[in-house]
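Colleague: I have a model open and want to learn how to read it. Can we take it feature by feature?

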Amino acid sequence: MKKGPFNNKKQLLAYIGAFIGMIATLFLPTNEEVKTVKSSFFVFESPQTVELGDFPVAVPTVKYGFVMEAYKVIESKVEKNQTLGKLLFDAGIDYPSIEKLVENSKGVFNVSSQFRVDKPYMLLFEKEGNKPAHFIFQPNVYEYFVFDLKENFKVEKVEKPIEIRSKEVVGEISSSLWVTLTKQGISYEAAAKMEDALQWSVDFSHTQKGDQFKMIYDQKYIDDEEVGVGQVHAAFYSREGKESYAIWYEDDEHKGFYDMEGRPITSNFLKSPVKYTRISSRFNKARFHPILKRVRPHLGTDYAAPYGTPIYAVGNGVITEAGFTKGNGRYIKIKHDNVYQTQYLHMQKFASGMKRGTQVAQGEVIGYVGSTGLATGPHVCFRFWKNGVQVNHLSENLPAPNPLPESVLPSFFAVRDEMVRKLGELNYESEELEQSPEPTPENAD
């Protein structure tokens, strides 16, 4: 993948050294330039000054691989109904050049789908020029695109380097797991990954005050900003003296979470199709239906969640039905193998591409929580078939992956002992936390 003008720190430092000798006469703005802003341009003020021995050294501002003090800069976001062509034309680029740029961008940047409203961009003008020399567009935190507007009208995609740092979280629940974690500034993504790791040994729909947890995981950073959660290496949960561990182990042939003895703690099926949720109605063959006002078997499990909450496929399979009925509302049914099938009811909408015949993977988003059909509030009714009969998936002994072979256990035990040692060094800090609002509707289908 192509990089910006500076491919590594050594090249950048070398440039800075050469830059110092000419910075005072070539690129530093005058006092008049700093005070005056014309035609939406702004000029970066003097570079940050640091002391190198007895001499002050000016360190230039570098963004997207360019020294900002070398240019007049326009920095903004894409406006509604603004196209790339109009933006560049208004900046002084003629239409033949824009057409050449669009043609050269094929295979690198899709102008129609990747150029989006509210995404940041930057136009760089040379100090004596009236037309921009470079256009930089950043569609997300992971990458940006550099458009050469001066010579060859080429487009380069630059991926920002991601730094991985180990991070720990430890806590004692005072109201709910999600409140406790978010009060510590822990993201929902990290909380969800802890739930994934421990889902088959801990019932997260019934957390209790005084429950304790710990986790060691990888946090992703770009420019010192958190951008995502990587691998969970170890998770621990304690409730009323019962301790549960999840240790991540990976080699050339094995990969997954294991208990303290090296047994897999995951299943071929997720325990729940949604996260950050609670069970609002359980599998019950003699439940009184709140809408129909009569006893009617409830052959599924209802998970209450806010509108738009992602719904996940609990296992690998193929979609056999994706439709709408008066009772089910918008629903999807998945065949996992010759024994098991699952169904997800009352969806607000399907995820993109979800239709009959679509192959789905475990954990893939297939739709979003709604209240279509016979439902009193937002939730997903999850149904589980075994050999053609609907069963309570929470009471089933579902098939588990193969355990680690004895030849691998010594290597696993070494990883386990190191993770347990690190978890043991984390101390709890209990504090009273306010309860945040959670979904409360009595949902039914």
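Modeller: Start with the elements: helices (H or I, at least four residues) and strands (E, at least two) are DSSP runs, numbered from the N terminus. Residues are numbered from 1 along each chain as its sequence is written. This is a predicted model, where local features need pLDDT of at least 70, side-chain atom pairs count only at pLDDT 80 or more, totals for chains, interfaces and linings use all residues, and side-chain values use heavy atoms, without hydrogens and water.

Colleague: Where is Val141 found?

Modeller: Val141 sits in the loop between β7 (132-140) and β8 (143-148).

Colleague: Is Val141 buried, partly exposed or exposed?

Modeller: Buried means under 20% relative accessible area, exposed over 50%, and partly exposed in between (1.4 Å probe, protein chains only). Val141 is partly exposed, because its relative accessible area is 39%.

Colleague: Which residues of helix α4 (residues 95-104) are buried?

Modeller: First, the general idea. An α-helix has 3.6 residues a turn, so residues three or four places apart point the same way. In α4, the buried residues are Ser97, Ile98 and Leu101. They fall within an arc of 100 degrees seen down the axis (taking directions from the helix axis to the C-beta atoms), so they line one face of the helix.

Colleague: What does the face turned away from the buried side of α4 carry?

Modeller: That face carries the exposed residues Pro96 and Glu99.
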